[in-house]
Amino acid sequence: MTVKVRLPRILTQAVRDGLRHEVTGDDVGQVLHGLFEKEPGVRNHLIDEDGRIRTHVLVFVDGERAGLSTPVPDGAEVQVLQAVSGG
Amino acid sequence: MTQIAIGTHKGAYLVEGIDGQWSVEGPLFPGWKVTALGLAPDGTHLAAVGSNWFGVGIQTSGDFRIWEQTESPPGWPEGGGRKMDQVWAFHHDGARLWAGVAEAGLFTSDDHGRTWAPVDGLNEHITRSEWLPGFGGLCAHRILTAGNQAWVGISAVGVFRSDDGGVTWHLKNDGVPPVGVPADVPRPEVGYCVHGLAHDPESPQRIWRQDHAGMFRSRDGGDTWERIESGLPSGFGFVIWRDDNSGRLFTIPLTSDENRVPVDGELRAYVSDDDGDSWLVSGSGWSDAPQYTGVLRGAFDGDNQGRFCFGTTGGKLWLTDDNGSAWQQLEASFPRIDAVRLLR
């Protein structure tokens, strides 16, 4: 599947080629893996030391909250957001 | 021209002064904490950035204006149970770059910060299971090197020394009281809350230590420590800085553990010209208005040519260009300042 990935603006400093990418993968984990091959500096900002999506990072597939194993249909949009954590 | 870089809780700033006229560029890395500023052996500028949401990153630059993030900052192995909370300090020994981090550990880089390797002899020290965090977390925040020797300060664990280039490490805290341990209890092996370290590069066994428990000095590479607080209004603080040209020591006393602001609101740098035997207020220019703010361990820098600067937790920048005789505070206000580097 080929999907579009959108990253939050705060990660501008971590990317080489912008905040929007097209990558392939059958689920969110594979999509993020493809993203990290293009933008290796992003990995540490999205994945924690347990190999999970960071606690305060949200991933949506076509507007629905998703996890690493969530399937992604062809042409989907995977959006990464910063959670509203705090007061 | 004076050029000062400031790392704050919300980005970094570049302050330039020409003939008394000051300008500010920034923020760099908007929205990110800039927790440490440093230099690689090849002259590459380094900035450690951090976020409560997105973890840490290492940025590199040749000119302090155009930055590139490295692919992989120092990191703990996945599944190992440790979190990489913050990069606290950079240090280079002319060939190798070191980084101190929280959760506490040391990492080294032989390619000017692009990739990092853990210093296992310290990070997996036999006492590791007994390490406990201080108020600022469990952090390795100060690094000194001289030849094959290295020292690291970890809060609230203590000072470690390596005599074999970082392969093995030994605790060096004799003479310093542990934190929160009654006097009648046997001294623990760890639990010493070092805040800052400085040494004499010409005689590196002479080390000065701003500790949670006061100001201390060692003449034997850390084997033993003696208290040196004559003239200080308080032994508590974070900053210890040695001007390697004059030998002058600088510190900025704060009231106490529970009250981390200047005594009576009088923000002053104190200096010693006798290796810490006695201390007095550094020059003039200090505000008569109350200054209930703090100065953190990474927020003081100097160029060994008489110029020094420091930033406060209240976001003010102070500087002197005459070895501490006259100080001035810039009008500009910044977010909480964690790190300062005097670039030129």
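**The sheet and its setting**

Reply: In chain A, 17 residues are in contact with 22 residues of chain B, contact meaning C-beta atoms, placed from the backbone, within 7 Å. The side of chain A that touches chain B comprises six nonpolar, eight polar and three charged residues; Ala, Val, Leu, Ile, Met, Phe, Trp, Tyr, Cys and Pro count as nonpolar, Asp, Glu, Lys and Arg as charged, and the others, Gly among them, as polar. The model is predicted: local features need pLDDT of at least 70, side-chain atom pairs count only at pLDDT 80 or more, and totals for chains, interfaces and linings use all residues. Residues are numbered from 1 along each chain as its sequence is written, while chains are lettered from A and ligands numbered from 1 in the order in which they are written.

Chain A contains two helices and five strands (DSSP runs numbered from the N terminus: H or I of at least four residues, and E of at least two). Their order from the N terminus is β-β-α-α-β-β-β.

In chain A, the five strands form an open sheet with mixed pairing, ordered β2-β1-β5-β3-β4; strands pair if DSSP finds at least two bridges between them. At its edges lie β2 (20-24) and β4 (64-66) of chain A, each pairing on one side only. On average, neighbouring strands are turned by 35° against each other, direction ignored.

Within this sheet, β1 (residues 2-6) of chain A pairs with β2(A) in the antiparallel sense over five bridges. There A:T2 stands opposite A:T24 in β2(A). Helix α1 (residues 28-38) of chain A packs on the sheet, touching β1, β2, β3 (57-61), β4 and β5 (77-82) of chain A. The direction of this helix makes about 120° with that of β2(A), where axes are lines fitted to C-alpha atoms, for helices over the stretch in contact, and angles run from 0 to 180 degrees between N-to-C directions.

Terms used: Contact = placed C-beta atoms within 7 Å.
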